[in-house]
Amino acid sequence: KVGAVRSLFNFAIKQKIYSGANPAADRNLLTKKEKRNSGSRPFDLTDLQTLFACKRFHDYKVSQPDFYWLVLAGVITGIRVTALSAITDVSLKKTPTGVPFIQVDKDKTAAGRRSVPVPQEFYDGLKKFLDQSKGFIYEDRPDGKGASDPIRKELDRHKKAIKFDGQGQTFHSFRKTLNTYLMHEKVPFEVRCQFIGHEFDHVNKQVYAEQFSTEEVAQYVVPVQRKLLTLLQF
C-alpha cells in the first residue's frame, strides 16, 4: 500500500500536478530482506513426498480431480494458482516438433504469460481431465477473494488430515520449491527465469539474449519434472 501511494505521488510529480518531494519516499514498512523472509516457505522434497505420495492424495484423482490435477501441475510447473486455475482444454498445446506445453495467458506479469513445457505422460492425464471438464471448478469470485482461497482451504484440510505441520507453506511455496530444485539440478538461471515466469534485468538478456524456445526449455526442465513426478508416485 505504501508502494501504491509512492507511485501515485511520482505520477503527480511527473505530470506537474503536485510540487515538492514525494512524502512516501523511503517509507517502506519492510526491508527487502524482511519482505523475502515474510513470504511463504518452500517445501523440502521430503515434505512433498509426505503430502502427495500418500494414498489420501491419490484418492483425490477420483473424488476431487480438480484439486488433484491443480496441485500436481503447481508442483511441476510453478504456475501461480490464479493463472493455473484459469487454464482450459485449449491451453494444452504442442510445438511443431511435438513437445507438449501449457499456454499461460492470464498472469499478473508479462513474464508470467508464457509457454510451460510438461512431460508427455503428465500432459496426457491433464488433457484427459480438461477435455472432460473444460476447466477447473476454481474461478475468480465477485467477492474478490479469487480462486486461491478455496484451493488454500482444500490444501489446508489435506495437511490437517494427514497431520502435516506446514505453517507458512502454501500453494505459492511450490514456485519457490521448484525454482530451488531446478537450481540444484544445474538448470541455467536464464532458463529458470523464463520457465518460472520471473522478470529479470541483465545486460546479456537486454542486449544479446533471445528468448529460449519451448523445445530448449523442455530439454532442461522436463527431466527434472519427471524426477518430481516419480517422487510423488505419479
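Visitor: Where is the place of Phe-136?
Guide: Phe-136 sits in the loop between H7 and helix H8, the latter covering 148–161. Keep in mind that this is a predicted model.

Visitor: Is that Phe buried or exposed?
Guide: Phe-136 is buried, because its relative accessible area is 4%, and the cut-off for buried is under 20%.

Visitor: And which residues does Phe-136 touch?
Guide: Leaving out residues up to four places away in sequence, Phe-136 touches Asp-66, Trp-69, Leu-70, Leu-84, Ser-85, Ile-87, Leu-126, Phe-129 and Leu-130.

Visitor: OK, the core then. Which residues of the largest nonpolar core touch the most other members?
Guide: Phe-136 again, along with Phe-52, Phe-57, Val-75, Phe-122 and Leu-126. The core has 55 residues. Helix H5, residues 65–77, gives the most to this core, with nine residues.

Visitor: What is Val-75 in contact with?
Guide: Setting aside its neighbours within four places in sequence, Val-75 is in contact with Leu-48, Phe-52, Phe-174, Leu-178, Leu-228 and Leu-232.

Visitor: Let me zoom out. How many helices and strands are in the protein chain?
Guide: The chain has twelve helices and three strands. As for burial, 42% of its 234 residues count as buried. Looking at contacts with a separation of 6 or more, 64% come from residues 24 or more positions apart.

Visitor: What order do the three strands take in the sheet?
Guide: The order is E1-E2-E3, in an open sheet with antiparallel pairing. Strand E1 (92–94) and strand E3 (115–117) are the edges, each pairing on one side only. From one strand to the next, the twist averages 40°.

Visitor: How many bridges join E1 to E2?
Guide: Three bridges, with E1 and strand E2 (residues 100–103) running antiparallel. Leu-92 stands opposite Ile-102 in E2, and Lys-93 stands opposite Phe-101 in E2.

Visitor: What's between E1 and E2?
Guide: Five residues, and the two strands form a hairpin. Gly-98 in the turn has a positive phi of about 95°.

Visitor: And how many bridges join E2 to E3?
Guide: Three bridges there, and E2 and E3 run antiparallel. In that pairing, Phe-101 stands opposite Pro-117 in E3.

Visitor: Which residues are buried on the two faces of E2?
Guide: Pro-100 and Ile-102 are buried on one side, and Phe-101 and Gln-103 are buried on the other, leaving both faces covered. As background, in a regular strand the side chains alternate between the two faces of the sheet.

Visitor: Which strands does H7 lie across?
Guide: Helix H7, residues 120–133, lies across E1 and E2, and its direction is at about 135° to E1.

Visitor: Switching to helix packing. At what angle do H10 and H12 cross?
Guide: Helix H10 (residues 189–196) and helix H12 (residues 214–231) cross at roughly 75°, and their axes come within 10 Å. That angle makes H10 roughly perpendicular to H12. On the H10 side the contact is made by Val-191, Gln-194 and Phe-195, and on the H12 side by Val-217, Tyr-220, Val-221 and Gln-225.

Visitor: How do the residues of that contact of H10 with H12 divide?
Guide: Five are nonpolar, two are polar and no residue is charged.

Visitor: What about the phi of Lys-186?
Guide: Lys-186 has a positive phi of about 70°, and it is not a glycine. You'll find Lys-186 in the loop between helix H9 (173–184) and H10. With a relative accessible area of 70%, Lys-186 is exposed.

Terms used
Residues numbered from 1 in each chain as written. Predicted model: local features only at pLDDT ≥ 70, side-chain atom pairs only at ≥ 80, totals over all residues. Heavy atoms only, no water. Pairing = 2+ DSSP bridges. Helix = DSSP H or I, 4+ residues; strand = E, 2+ residues; numbered from the N terminus. Axes fitted to C-alpha atoms, helices over the stretch in contact; angles between N-to-C directions. Contact = heavy atoms within 4.5 Å. Parallel < 35°, antiparallel > 145°, perpendicular 65-115°, else oblique. Nonpolar A, V, L, I, M, F, W, Y, C, P; charged D, E, K, R; others polar. Buried < 20%, exposed > 50% of the residue type's maximum accessible area, 1.4 Å probe, protein only. Core = buried A, V, L, I, M, F, W, Y, C linked by side-chain atoms within 4.5 Å.
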